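Please read the following briefing alongside the sequence and the structure, which are shown just below. The points are grouped by topic.

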Amino acid sequence: MEAMRSHLCGDAHEHEVEYRIQAKDGSWRWYYDRVSITVRDEHGAPVFLAGIVFDVTERKNREQELENITIALSEDASTDALTGMRNRRATVEMLQAETARSRTCGSPVSLVIFDIDFFKKVNDSWGHLAGDEELSGVASIIRKTARGTDLAGRYGGEEFVLILPCVHEREVKAVAERIRCDVEQVVFCGGLESVPGEAIGPQ
């Protein structure tokens, strides 16, 4: 609309705009419109306009499909396939971002590392499928038990990471212990050991 207003006021020779209109069948169609003023009166007001309109729905649909694919690929590149958590690379990037934010804002950020006890024995005794089931189960519990503002990821192997922005040491220990207890209530082949990290930033 701003381009059209500028065009009609004489600030621009032509204007281009894309917009969508709902068709009678309920679907949405995209259009590309380019208009030029061919004749103006003595005061500069437009008298005659000439323009073209194209249906660009297919192009817009392809662009949306490409965007969806790009988003999906980005998510795949940052997601651990087994647990659905952030993978190691995404977790490290997330921790770096939160650490930088903490230093800038002066607020704490804390890190908890969870490690499944005797996980190698699980794989050796019950097989890798049992190990995968245990990893997925622990990851699910961490996600469900963590607060909405916490950031969880799989750091590698049987290690999981929980990043807690704006949380001090006492609360960090409480969150870590709550997750450990929740895991303890589920029958897994191994156990879970939580190691609260030191808070980064002011206490």
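At what angle do helix α4 and α5 pack, and how far apart are their axes? Helix α4 (residues 119–126) and α5 pack at an angle of about 140°, with their axes 6 Å apart, where axes are lines fitted to C-alpha atoms, for helices over the stretch in contact, and angles run from 0 to 180 degrees between N-to-C directions. That angle makes α4 oblique to α5, since angles under 35 degrees count as roughly parallel, over 145 as roughly antiparallel, 65 to 115 as roughly perpendicular and the rest as oblique.

This is a predicted model, in which local features need pLDDT of at least 70 and side-chain atom pairs count only at pLDDT 80 or more, while totals for chains, interfaces and linings use all residues. Residues are numbered from 1 along each chain as its sequence is written, and side-chain values use heavy atoms, with hydrogens and water left out.

**Overall makeup**
- The chain has six helices and seven strands, which are DSSP runs numbered from the N terminus (helices H or I, at least four residues; strands E, at least two).
- From the N terminus on, the order of these elements is α-β-β-β-α-α-β-α-α-β-β-α-β.
- Of the 203 residues of the chain, 31% count as buried, buried being under 20% relative accessible area, exposed over 50%, and partly exposed in between (1.4 Å probe, protein chains only).

**Helix α5 and its contact with α4**
- On the α4 side, Phe-119, Val-122, Asn-123 and Trp-126 meet His-128, Ala-130, Gly-131, Glu-134 and Leu-135 of α5, contact meaning heavy atoms within 4.5 Å.
- Ser-140 is placed in helix α5 (residues 128–145), and Ser-140 is partly exposed, with a relative accessible area of 22%.
- Although 56 residues separate Ser-140 from Gly-84 in sequence, their C-alpha atoms are 8.8 Å apart in space.

**Strand β6 and its partners**
- Strand β6 (residues 159–165) is largely enclosed by the rest of the structure, because six of its seven residues are buried.
- Strand β4 (residues 109–117) runs antiparallel to β6 and is joined to it by seven bridges, two strands being paired if DSSP finds at least two bridges between them.
- Asp-115 has Glu-159 in β6 as its bridge partner.
- Strand β5 (residues 151–156) also pairs with β6 in the antiparallel sense, over five bridges, and Arg-154 has Phe-160 in β6 as its bridge partner.
- β5 and β6 form a hairpin with two residues between them, and Gly-157 in the turn has a positive phi of about 55°.
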